[in-house]
Amino acid sequence: IPPDDYLGFLAEDEDFQFTVKSVEEQNEDTKGELILKPTLSHRPEVVDDFLRNFLIKMGMMKTLDCFQTEWYEMLQRGILNIDDMGFVPDVYTHNQLLDNRIASLKKELENYKAASHKAGEILIKLRKERDFHRMHHKRVAQEKNKLINDIKRLKKHYASYEPTLSELTNKYHNALKQKMLTSLEKDRAVGQVCNCTCLKEGKLDFLLSLYPTVKLSTLGHHPTSGECRMTKTLKLHELAVSCLSLHPRKEILVTGSDDRLWKMWSIPNGDIIMTGEGHADWLSGCSFHPSGNLLATVSGDSTVKIWNFLKTDCLLTFKGHLSSIWGCSWHTCGDFVASCSMDKTSKIWDIHSERCRYTLRGHVSSVNSIEFVPFSNSLLTSSADKTISLWDGRTGLCAQTFFGHVHSCNYSDTIVSCDSSGIVKLWDMRRVALMLTVDVGSHSANQVVFHSSGQLVVVASDDGTVKILDLPSSQLSSLAGHEDAVQCVLFDHKGEYVISGGSDGTVRFWT
């Protein structure tokens with residue numbers, strides 16, 4: 001209500017209906033005062049602006065200057081009247097837009113033609129490659145069929161020689177057995193003459209040649225299997241303990257496991273010192289450098305890693321094997337490390353030049369273990385092809401092959417080997433002859449090692465026991481305690497106790 005009207009209400013009596021009516025009249029007056037602003041309409045282009053734009057578009061700048069001069073001169077004289085000037089019809093503006101659109105479409109058409117031409121060239125190239133691969137496939141198929149036919153003929157030809165080969169093999173085994181019997185009788189006679197009851201003279205010389213650090217006093221007495229008992233059990237890994245390695249001088253043990261970790265422990269307390277992580281798959285082997293400052297580990301990820309304890313980091317990574325690596329061993333000088341793999345080869349790595357020095361080829365199946373013969377340039381490898389090979393590390397050539405196992409050879413340590421059927425064999429490396437065969441059970445023998453005296457052999461068995469073989473008496477006993485297969489064993493430096501690692505993730509000490 002306007003203030004003036006409100007003052008008028010003060011003099012009269014208040015009436016609600018009168019007040020509402022006054023408000024409505026006021027609203028109607030306000031509506032009448034509202035005026036809508038007109039919207040801007042499209043304004044066509046004038047003729048002079050159209051001409052200027054046209055001349056600028058066509059680049060006729062001289063004509064534009066003449067037009068501008070004459071146009072403004074006539075305006076100053078009053079000859080032209082701006083109001084009489086008309087507007088350019090919309091059709092011209094529309095034509096200009098259509099011309100621009102046509103030019104844009106022509107440009108797009110040219111681009112599409114170029115793309116179509118390029119696609120046509122690519123199609124022709126792909127057709128040529130298709131025809132080439134078709135011809136190559138046909139040629140390979142023909143060669144494959146030819147090879148299949150050749151293999152069939154060779155098999156048929158080989159079958160004709162099988163009876164002759166079997167007969168020759170039987171004759172060879174009979175001759176070898178007769179030779180062994182003759183040798184044993186000769187050694188027995190020499191032993192009786194020399195009153196030697198501990199070891200035969202030939203075998204003693206042989207053991208001393210392989211173990212130059214063994215003294216005669218250590219051969220006089222050695223612990224027997226009956227004296228061994230389990231004294232400590234350490235749960236070191238969540239998964240199976242696959243390998244063990246003892247420091248060359250200190251009471252330090254390294255364990256490798258299927259959990260992709262290696263751990264360093266003080267023994268026999270079991271205090272952890274260091275943990276190494278870096279492999280992408282299970283660990284299968286580890287070996288201390290002769291100086292004790294480096295560690296080599298191998299894994300199912302087909303790599304060999306060299307670890308530096310001072311830097312607590314991986315120093316080198318060797319890649320070259322095509323499949324999982326089973327074991328590794330350092331040369332006595334510490335300049336080379338050897339590895340064996342499921343790809344049927346072994347390799348010798350030079351840690352100074354950081355490259356592979358030799359690749360040892362000869363086995364026809366997985367190479368399961370490798371070991372440098374102490375203080376020599378020779379290596380021993382055992383393979384799933386049932387053979388043990390002696391290699392010359394200086395040339396990378398096979399010097400000798402030992403035949404006799406009828407199952408996969410899992411491990412060989414100097415002159416003793418074991419296979420997947422539980423057979424342990426001792427070999428005379430000088431004469432390349434079999435000395436002794438012992439059946440330690442129906443389960444697989446995973447690893448075998450010598451005692452420092454050379455008269456005791458300990459075997460890691462798949463039946464969860466540790467087998468101890470006393471060579472002079474041929475006595476065999478078992479140490480039970482693991483809850484699963486025993487994967488690895490070793491003796492301490494003094495030969496006072498046995499350390500074993502199993503698939504139950506534990507390491508056990510047998511005193």
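Predicted model: local features only at pLDDT ≥ 70, side-chain atom pairs only at ≥ 80, totals over all residues.
Q: How much of residues 479-511 is helix and how much is strand?
A: The span is 0% helix and 55% strand, with its end C-alpha atoms 11 Å apart. Residues are numbered from 1 along each chain as its sequence is written, and side-chain values use heavy atoms, leaving out hydrogens and water.

Q: What makes E26 and E27 count as paired strands?
A: Pairing takes at least two DSSP bridges between two strands. Five bridges join E26 to E27 (residues 498-502), and the two run antiparallel. As one example, Cys488 has Gly501 in E27 as its bridge partner.

Q: Why are strands E1 and E26 said to stand at the edges?
A: The open sheet has four strands in the order E1-E28-E27-E26, with antiparallel pairing. E1 (230-235) and E26 (486-491) each have a single partner strand, so one side of each lacks a neighbour in the sheet.

Q: How do you know that the span of H3 is close to the expected one?
A: The expected span is 1.5 Å times one less than the number of residues. H3 (residues 47-58) has 12 residues and reaches 16 Å between its first and last C-alpha, close to the expected 16 Å.

Q: Which residues of H3 are called buried?
A: Buried means under 20% relative accessible area, with exposed over 50% and partly exposed in between (1.4 Å probe, protein chains only). In H3, Asp48, Phe50, Arg52 and Leu55 are buried.
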